[in-house]
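Please take a moment to look over the sequence and the 3D structure before reading on.

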Amino acid sequence: MRIRLDPWPIDTFEGQLTLKPFAGLVFDVETDRWEAIPTRGIPEAVREVLVVDGKPRMEARLLMDDDAGELHLAAFGAYVVGAVSLCPHGSRQAELLEVRARRVLAYSSDAPLEPARLSPRNPHTGVLEYEPHAFSGRQVEGPRAAVQRLMLQDEQKLSRQLASPTPLEEGDADALPESLVLQDGPVRLGGGGSAVVGYVKTLHTDYLGADRIGLLSELKCGERTPILRFRVGDRGGAVSEAEGREQRFTWYVRLCEAPFYQHPLAGIMRLEMHAPEDSSFVPAAVQQIADLSGALLGKLGSRLHKDSRAPQNLIPTAALEQAMNRSMGNLDLVTRRIRTHLVAQGVVA
């Protein structure tokens, strides 16, 4: 028995590798030959690459009681969505875009709430404005889920706004986008038709099976697997169970060689894009993006001495995370402002 490290630090929520088998069907769409495909470099036609990410934060849990004495869950929360714009050919410096904190008062009450405006004693420290958003149910995690949902919606909106349109029909010979978006995590439901690639840093779901997953260990830097197709939410039951859920193209890329003491999938990332319904072909745009993905991600992959989640936590992503943390402000100071606000409103004894 050989023992090797999962590369991600122990204080992250989960490790980099879990590999729970995908219960649904996965189809070959690019080729029937299951073998490594080399990268073809980054064409000059791709002028801009944008890395989009979001970050949520809970700032204070609340419990509200209405005039009837009924209790409701609520919370002050915040999230940031932003992007890093860069030239894949290195002709200009990277630029931060749209990095701005949005604050949310999430609550379960049926009665509408007014926005909460937290004015500081020192006007130079700014006003914190929490926009009310109601959620259904009384689950303890309801406020957190509401903030997360709003963040994902804005993340998808920003990705579609920044990405070039991408035709998904058969027969478009040259469909490379000028602006390609790399979005942290899977692509979202309802976002087809644009050049948005979801990059999944962790390997928690196994879409390959025991007879194919061995190829991931054999991939060299920049190489990828053939493109596959699956349906989101497919649990392997009747077709009607997955009806209405979108389809995805997916493939795996090796960013770098894994150190000998880490498991052999340590340098692997999974990518995905939207797929037309029941497509038995790969649109030219998806094919061309897959072909350049190894070269692009090899450039953007982080290094272990700078980032403990290397190489999957891309260099632009790490820079964006720092900017998002600054945008939300110091949590201790924000919590103090919330207490002061509640006292001033006469809701805290």
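By class, how many residues in the lining of the largest cavity are nonpolar, how many polar and how many charged? The lining of the largest cavity has two nonpolar, five polar and two charged residues, where Ala, Val, Leu, Ile, Met, Phe, Trp, Tyr, Cys and Pro count as nonpolar, Asp, Glu, Lys and Arg as charged, and the others, Gly among them, as polar.

The model is predicted, and local features need pLDDT of at least 70, side-chain atom pairs count only at pLDDT 80 or more, and totals for chains, interfaces and linings use all residues. Residues are numbered from 1 along each chain as its sequence is written, and side-chain values use heavy atoms, with hydrogens and water left out.

The structure holds three cavities of 30 Å³ or more. A cavity here is a set of points, on a 1 Å grid over the protein atoms alone, where a 1.4 Å probe fits but cannot get out, and its lining residues have an atom within 4 Å of a point. Grid points are joined across faces, edges and corners, and a volume is the space filled by probe spheres set on the points. The largest cavity has a volume of about 50 Å³, and the residues that line it include Gln-156, Ser-159, Arg-160, Val-196 and His-274. Helix 1 (residues 142-162) gives the largest share of this lining, namely three residues; helices (H or I, at least four residues) and strands (E, at least two) are DSSP runs, numbered from the N terminus.

The second largest cavity has a volume of about 40 Å³, and its lining divides into nine nonpolar residues, one polar and no charged. Among the residues that line it are Leu-182, Val-197, Trp-251, Leu-292 and Ser-293. The elements that give two or more residues to this lining are strand 8 (179-184) and helix 3 (284-300), and the largest share, five residues, comes from helix 3.

Helix 3 can be followed from end to end. With 17 residues, helix 3 reaches 24 Å from its first C-alpha to its last, close to the 24 Å expected at 1.5 Å a residue, the expected span being 1.5 Å times one less than the number of residues. At Ser-293, which also lines the second largest cavity, helix 3 bends by about 45 degrees; the bend at a residue is the angle between axes fitted to the seven residues ending there and the seven starting there. Because 13 of its 17 residues are buried, helix 3 is largely enclosed by the rest of the structure, where buried means under 20% relative accessible area, exposed over 50%, and partly exposed in between (1.4 Å probe, protein chains only).

Strand 9 (residues 196-200) is mostly covered, since five of its five residues are buried. Both of its faces are covered, with Val-196, Gly-198 and Val-200 buried on one side and Val-197 and Tyr-199 buried on the other. Strand 9 pairs with strand 8 in the parallel sense over four bridges, and two strands pair if DSSP finds at least two bridges between them. Within this pairing, Leu-182 has Val-197 in strand 9 as its bridge partner. Strand 9 is also joined by three bridges to strand 13 (residues 268-275), and these two run antiparallel, with Glu-272 in strand 13 as the bridge partner of Gly-198.

Another group of strands gathers around strand 7. Strand 5 (residues 95-107) pairs with strand 7 (residues 128-134) in the parallel sense over five bridges, and Arg-103 has Tyr-130 as its bridge partner. Strand 6 (residues 116-118) pairs with strand 7 in the antiparallel sense over three bridges, and here Arg-117 is bridged to Glu-129.

Leu-118, found in strand 6, is buried, with a relative accessible area of 2%, and although Leu-118 and Ile-338 are 220 residues apart in sequence, they are 7.2 Å apart in space, C-alpha to C-alpha. Glu-44, in the loop between strand 2 (26-28) and strand 3 (48-65), counts as exposed at 59% relative accessibility. Glu-98, in strand 5, is partly exposed, with a relative accessible area of 46%, and has a positive phi of about 60 degrees although it is not a glycine. Most residues other than glycine have a negative phi.

Conventions
On a 1 Å grid over the protein atoms alone, a cavity is a set of points where a 1.4 Å probe fits but cannot get out, and a pocket is an open set with protein on both sides within 12 Å along at least five of seven lines; lining residues have an atom within 4 Å of a point.
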